[in-house]
Amino acid sequence: MDTAGVEKAIVVGWYWEHSEVCLENISWQQDWLERRPDRLMAFAPFNAKGGREAIESIKRAFDMGFTGIGELNPPAQGYTYDHESLLDAIALASSRGKWVNFHVTDPDTRDYPGKIDTPIDQLMDLANGFPDTRFIFSHLGGMMQLDRIAESVNVYLDTAAIPLLYDSNIYKSAVGQMGAERILFGSDYPLRTFPKTQTEPEFVSHIDQIRNSSLSDQDKALILGGNFSRLFNPG
Ligand SMILES: [Zn+2]
């Protein structure tokens, strides 16, 4: 973060297959939040298979200052998009003014290990079923039907892992369909998103890719911090 000039970041949880591992992940994040509350925020990992205990862990995470839930990937985590505990978790996030972040896969990109379909219809059912909850669909929403996603004003996108999946023209395309004010910079750190040139995980190359893209200066400023400041009140 220091190297890239990033003042504040949200540390997002992994989509663990076992709920117990989510609890352990939350304890790491809690430790980081306590150490650097000035620099870090957090989304709590969640697995609906954990049932009531998983819901309690999300409640405690919100009490500790977590800002949302995610990254969620139900097909990879072994539960369905209409699982009762997932709906309970989203309702809880809604009641506490917290965010919900889903992994979204573009079915048209090349295959990679762990690639799994995330049906846009089911994601949109959730977003439209909880209109007061703000959602982030990761990886530019898999570039799936962005004109349709754009109609649901509670849905935002992030740019996590984008350099690994597309060339830099994709930003212009996403902004054209969604508007820059609903796209947040996401890194997918510590994934190396420029594997040919990176030996260590870092944010700089991805930020530079956006800075050097054909977007307007205003759109770049929104994606690279402006939206975050407006939406998350980072202080
Ligand atoms: Zn993801």
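**View 1. H139 is buried, with a relative accessibility of 6%.** Here, buried means under 20% relative accessible area, exposed means over 50%, and partly exposed sits in between (1.4 Å probe, protein chains only). This is a predicted model, where local features need pLDDT of at least 70, side-chain atom pairs count only at pLDDT 80 or more, and totals for chains, interfaces and linings use all residues. Residues are numbered from 1 along each chain as its sequence is written, and side-chain values use heavy atoms, with hydrogens and water left out. You'll find H139 in helix α6 (residues 138-141). Helices (H or I, at least four residues) and strands (E, at least two) are DSSP runs, numbered from the N terminus. Most residues other than glycine have a negative phi, and most peptide bonds are trans.

**View 2. M143 is another non-glycine residue with a positive phi, this one near 50°.** Look for M143 in the loop between α6 and α7 (146-150). M143 counts as buried because its relative accessibility is 18%.

**View 3. Helix α4 runs from residue 84 to residue 95.** With its twelve residues, α4 reaches 16 Å from first C-alpha to last, close to the expected 16 Å. That expected span is 1.5 Å times one less than the number of residues. Which residues of α4 are buried? They are S85, L86, A89, I90, L92 and A93. These residues cover an arc of only 155° around the axis, so they end up on the same side of α4. The arc is that of the directions from the helix axis to the C-beta atoms. An α-helix has 3.6 residues a turn, so residues three or four places apart point the same way.

View 4. Just after α4 comes G97, with a positive phi of about 70°.

**View 5. G70 and E71 are joined by a cis peptide bond.** Its omega is near -5°. E71 has its place in strand β3.

**View 6. Y189 and P190 are also linked by a cis peptide bond, with omega about 10°.** Where is P190? It's in the loop between β7 (183-184) and α10 (204-211).
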